[in-house]
Amino acid sequence: MSNKDKHVFLIRFFEKQYVENFLDNGEIHFNPLQYFIDLENNQGDTIIGDALEGKVEGNISPESGWAFMFRIAGDKKPATVIPTTTASIHINIPDELKQTICISCFSWIDTDDIVEDEKTKSFKLTKSAIKRLRNFNTDKRIPIIIDANILFKRLESENVGWKDVEYYDSNDIDDVMGLAEQENNIAKIIFRKRVKYSDQKEFRIVIKSQDTNSDNNIYIGNLRGVCNVVDNFDDLKIIK
């Protein structure tokens, strides 16, 4: 089964004051990459925040097969190999872009997350899915579920990019170095996060802000009737 076949619904957690604007106007708010960096660095938030947003990290160990070498310019002697203990490399988006590249994040609910109730002809979340989603809801934000196809159709008329986040292993140095060698890799870095975040199953929408001081919102139209506002995950039913 492909990811496309597995993906069914998208869920996003809203602070209470933004729920009505999302339902009435389809307001989707974006924050710059730097916002999420600051959440971890300044507030210790490692759930929503990520100090490595806009950056891919690779760890080099003696077992990786990689080594550092140096040679003075013009010197024809063999390069000197620096013994490797542990080190890391980073592929970075320029800092100014972390202020102007803005993202909005949803989470997938896929076929692994739901079970069907034949009597009611509805779906409900599995216990593991409920546990996973509650990790994002520590501040009592309100979850709203939307059919993925409806969101995609609305986004088509907007000047935005969107894609599933790809999760990578920092210890897979060959993968990280392969990304470093690619031209125009900024777009790929935006959609990369470390594997420790993989439970988020993130779907990310991206815009480029021209004014870092302005509100970064798009409006995709009234969504009442096509969204499910979740009051209680345990009692949640997603009607066919």
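The model is predicted, so to speak of local features a pLDDT of at least 70 is needed, side-chain atom pairs count only at pLDDT 80 or more, and totals for chains, interfaces and linings use all residues. Residues are numbered from 1 along each chain as its sequence is written, and side-chain values use heavy atoms, with hydrogens and water left out.

I begin with the rings. A search of the whole structure finds 6 aromatic pairs; rings of Phe, Tyr and Trp (its six-membered ring) pair if their centres lie within 6.5 Å, and planes under 30 degrees apart count as stacked, over 60 as edge-to-face and the rest as tilted. In one of them, Phe14 and Phe22, the centres are 4.5 Å apart and the planes at 35°, so this pair is tilted. Trp108 and Phe203 have centres 5.9 Å apart and planes at 70°, so they form an edge-to-face pair. This second pair links distant parts of the chain, since Trp108 lies in strand E8 and Phe203 in strand E15 (residues 202-208), 95 residues apart. Strands here are DSSP runs (E, at least two residues), numbered from the N terminus. Ring pairs also join Trp108, Phe152, Trp162 and Phe203 into a cluster.

Which residues does Cys105 touch? Leaving aside residues up to four places away in sequence, Cys105 touches Arg12, Glu202, Phe203 and Arg204, where contact means heavy atoms within 4.5 Å. Cys105 belongs to strand E8 (residues 101-110). Between Cys105 and Arg204 there are 99 residues in sequence, yet 4.7 Å in space, C-alpha to C-alpha.

Note on methods:
Helices (H or I, at least four residues) and strands (E, at least two) are DSSP runs, numbered from the N terminus.
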